[in-house]
Amino acid sequence: MLKGHLDTIVLAALEAGPAHGYAVIEAIRARSGETFDLPEGTVYPALHRLEAAGLLASEWVVPPSGRKRRVYALTPAGHEALKARRSLWDRFAAGVSAVVGGRPWPA
Amino acid sequence: MAGVIEAYLAEVTELLGHDPALAERLAEELADHFAEMLSEAPSEDEQREAVARMGPARDIAAGLLADRADSTAERTGAVLVTALVATFIAMRLRSLWLPPLDSDGALAGALVPFVDRWAFVVAMLACAGWLIGRVRRPNARRGRWAAVALAGLCASVAAGILRIWLAAGWAEAPVLVVAATAGECLVVGLLMAQALALRRSLQRAARLAGL
């Protein structure tokens, strides 16, 4: 189920600001309360895919530690896509909760 | 960083060997990931655990190649539609501006316009199949539709060239007709290159997914 939403999750993880792959994975793990402990390698194809779609931009940066790293950031199109996907998700989640949330069905 | 992680990075690089820039970029990103995750001199067990958390190298490579194949399929679709438009314009100009072919018993006189038109129709139907298929199942990669459309367009272009030659000869044909046919040839050539790239891309993705 997570796989279908991975792109949205990655976009949301980058909403706070630019980050490299490891930081994105850590943000996903932390913000999900460690619910999403996905194979870390699945995030890299998602980052490349979102960049190819124009939703992310990336560049190599050399931090003071001296190790070159690829940093990803949302593009304006990425912000728009996240907004649209979030709205869709809110409706979907509300619908699923209403059906399987355990409330009694109306007679 | 040596040992298990080095072997893992070497495997990723080898799996993506057809695209050295992508292989190098991913290997550098993963090396940074492992360096961030582990201490300066990780033990072999720590390295094994880090690699296990990353997942199999072939899964990462397969994911990247599947996405590349999808992008190539998108581009092929765009070039295919462009080629159809170019072929239609060239075909209409040939019909409007060239004198009709003599059909006094010569098979070519009847066959060439027939192929010119109906091969185009076949290409158009294949293109429609491609587009409908992509709307219904966006992740499906429809190399066969592209191949049929390409074959139809090639036949239409060949018939078009023959039609100009038979009807007026290259020196006598209206410049606009010759220019439109040249443009048609160019776009169909581009489509052929794109279709070959799609074929290679699909084969690589399938090979890796089947490992």
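**Briefing: chains A and B of a predicted model**

Of the 107 residues that make up chain A, 26% count as buried. The structure is a predicted model. Chain A is in contact with chain B through 16 of its residues, which meet 17 residues of chain B. Chain B itself is divided into domain 1 (4–55) and domain 2 (70–203).

**Chain A: fold and dimensions**

- Four helices and three strands are found in chain A, and along the sequence they follow the pattern α-β-α-α-β-β-α.
- The C-alpha trace of chain A spans about 65 × 30 × 20 Å along its principal axes.
- The radius of gyration of chain A is 16 Å, whereas a compact globule of 107 residues would have a value near 13 Å.
- Among contacts in chain A between residues at least 6 apart in sequence, 49% join residues at least 24 apart.

**Contact between chains A and B**

- The contact between the chains involves 16 residues of chain A and 17 residues of chain B.
- On the side of chain A that touches chain B, the elements giving two or more residues are α2 (21–31), α3 (43–52) and β3 (69–74) of chain A.
- Helix α3(A) provides the largest share of that side, with five residues.
- By class, the residues of chain A on this side comprise five nonpolar, five polar and six charged.

**Nonpolar core**

- The largest nonpolar core contains 71 residues, and those with the most contacts inside it are A:V10, B:V12, B:A61, B:L80, B:A83, B:A149 and B:L191.
- Helix α4 (residues 57–97) of chain B supplies the largest share of this core, 16 residues.
- Because domain 1 (4–55) and domain 2 (70–203) of chain B both give residues to this core, it lies between them.
- When its neighbours within four places in sequence are left aside, B:A83 is in contact with B:L153, B:V187, B:V188 and B:L191.

**Domains and helix packing in chain B**

- A distance of 46 Å separates the C-alpha centres of domain 1 of chain B and domain 2 of chain B.
- Helix α1 (residues 4–15) of chain B packs against helix α3 (residues 44–54) of chain B at an angle of about 30 degrees, and their axes are 8 Å apart.
- In this contact, α1(B) contributes B:V4, B:I5 and B:Y8, while α3(B) contributes B:E44, B:Q47, B:R48, B:A50 and B:V51.
- The contact of α1(B) with α3(B) has five nonpolar, one polar and two charged residues.

Conventions. Residues are numbered from 1 along each chain as its sequence is written. Chains are lettered from A and ligands numbered from 1 in the order in which they are written. This is a predicted model: local features need pLDDT of at least 70, side-chain atom pairs count only at pLDDT 80 or more; totals for chains, interfaces and linings use all residues. A nonpolar core is a set of buried Ala, Val, Leu, Ile, Met, Phe, Trp, Tyr and Cys residues joined through C-beta atoms within 7 Å. A residue is buried if 20 or more other C-beta atoms lie within 10 Å of its own, exposed if 12 or fewer, and partly exposed in between; C-beta atoms are placed from the backbone. Domain bounds come from an automatic or database domain assignment. Two residues are in contact if their C-beta atoms, placed from the backbone, lie within 7 Å. Ala, Val, Leu, Ile, Met, Phe, Trp, Tyr, Cys and Pro count as nonpolar, Asp, Glu, Lys and Arg as charged, and the others, Gly among them, as polar. Axes are lines fitted to C-alpha atoms, for helices over the stretch in contact, and angles run from 0 to 180 degrees between N-to-C directions. The radius of gyration is taken over C-alpha atoms; the globule rule is 2.2 Å times the number of residues to the power 0.38.
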